[in-house]
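Look at the sequence and the model below.

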Amino acid sequence: MTLFLTRTYFPEGCNGKLECEGKLICHTIELPWKNNETKVSCIPEGKYFIRKRYSKKFQWHLEIVNVKNRSLILLHPANNAQRELNGCIAPVTKLSGPGLGLMSRKAFTKLKNLVYKVLDQKESVELIVQSGFLTLEG
């Protein structure tokens, strides 16, 4: 399965849409682009793989692997990129401003269920991060 994350960049953060086979799964929020600096920047555009990960803080969630010069880049719930993210990607149901979103847990659960179903069948899940322009509707 291939997921496409299409981003729009703002000084305060990135907003994106996450799609699979042309269908919208959810929107995303991230930190702004700051040359891939640890804990303050979103990750570079490119092709990555996603795997399951467990931690006490986030329970079962998703990890984006092999990000150049970065580690522990996760997909986890958050509604404010500046306050809650350290380079990770947060799925959100609705965008509410640059790097801001609403109902992240709902979007995260939808994404996690979709990805886990594919991973449980021993198939790979690829994430392609690219730039684009979102309309006002997102």
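Glu63 is buried, with a relative accessible area of 9%; buried means under 20% relative accessible area, exposed means over 50%, and partly exposed lies in between (1.4 Å probe, protein chains only). The model is predicted, so local features need pLDDT of at least 70 and side-chain atom pairs count only at pLDDT 80 or more, while totals for chains, interfaces and linings use all residues. Residues are numbered from 1 along each chain as its sequence is written, and side-chain values use heavy atoms, with hydrogens and water left out.

The side chain of Glu63 forms a salt bridge with that of Arg51, at 3.1 Å from N to O. A salt bridge here is a side-chain nitrogen of Lys or Arg within 4 Å of a carboxyl oxygen of Asp or Glu. Glu63 belongs to strand E5 and Arg51 to strand E4 (residues 46-55), so this pair ties together parts that are twelve residues apart in sequence. Helices (H or I, at least four residues) and strands (E, at least two) are DSSP runs, numbered from the N terminus. Arg51 is partly exposed, with a relative accessible area of 45%. Through salt bridges that share partners, Arg51, Arg53 and Glu63 are joined into one network.

## Other salt bridges

How many salt bridges does the structure hold? There are five. One of them joins Arg7 and Glu30, whose closest N and O atoms are 2.8 Å apart. This pair links distant parts of the chain, with Arg7 in strand E1 (residues 2-10) and Glu30 in strand E3 (residues 23-30), 23 residues apart. Both Arg7 and Glu30 are buried.

Lys17 and Glu19 also form a salt bridge, at 4.0 Å from N to O. Lys17 is partly exposed at 24% relative accessibility, whereas Glu19 is buried at 18%.

## Rings around Tyr116

Rings of Phe, Tyr and Trp (its six-membered ring) pair if their centres lie within 6.5 Å; planes under 30 degrees apart count as stacked, over 60 as edge-to-face and the rest as tilted. By this rule there are two aromatic pairs. One of them is Trp60 with Tyr116, an edge-to-face pair with 6.4 Å centre to centre and 85° between the planes. Trp60 is in strand E5 (residues 59-65) and Tyr116 in helix H2 (residues 104-120), so the pair ties together parts that are 56 residues apart in sequence. Trp60 is partly exposed at 43%, while Tyr116 is buried at 13%. Together with Tyr54, these two residues form one aromatic cluster.

Which lysine lies over the face of Tyr116, at 4.7 Å from the ring centre? That residue is Lys52. The charged end of Lys112 also sits over the ring of Tyr116, 5.8 Å from its centre. A charge sits over a ring if NZ of Lys or CZ of Arg is within 6 Å of the ring centre and within 35 degrees of the ring normal.

## The nonpolar cores

A nonpolar core is a set of buried Ala, Val, Leu, Ile, Met, Phe, Trp, Tyr and Cys residues joined through side-chain atoms within 4.5 Å. The largest one has 24 residues, and those with the most contacts inside it are Leu3, Ile43, Ile50, Ile64, Leu111, Val115 and Leu127. Elements that give two or more residues to this core include E1, strand E2 (13-20), H2 and strand E10 (125-131). H2 gives the most, with six residues.

Not counting residues up to four places away in sequence, Val115 touches Met1, Leu3, Ile50, Leu62 and Val125. Contact means heavy atoms within 4.5 Å. A second, separate core has ten residues, among them Ile29, Leu74, Ala90 and Leu95.

## Cysteines

The structure holds zero disulfides, a disulfide being a pair of cysteine sulfur atoms within 2.5 Å. For Cys26, the nearest cysteine sulfur is that of Cys20, 11 Å away. Cys26 is buried, at 3% relative accessible area.

The sulfur of Cys88 lies 12 Å from the closest cysteine sulfur, in Cys42, which is too far for a bond. Cys88 is buried at 7%.

## Glu12 in its loop

Glu12 is found in the loop between E1 and E2 and is partly exposed at 41% relative accessibility. Its C-alpha atom is separated by 6.2 Å from that of Gly99, 87 residues apart along the chain. Leaving aside neighbours within four places in sequence, Glu12 is in contact with Pro32, Gln82 and Pro98.
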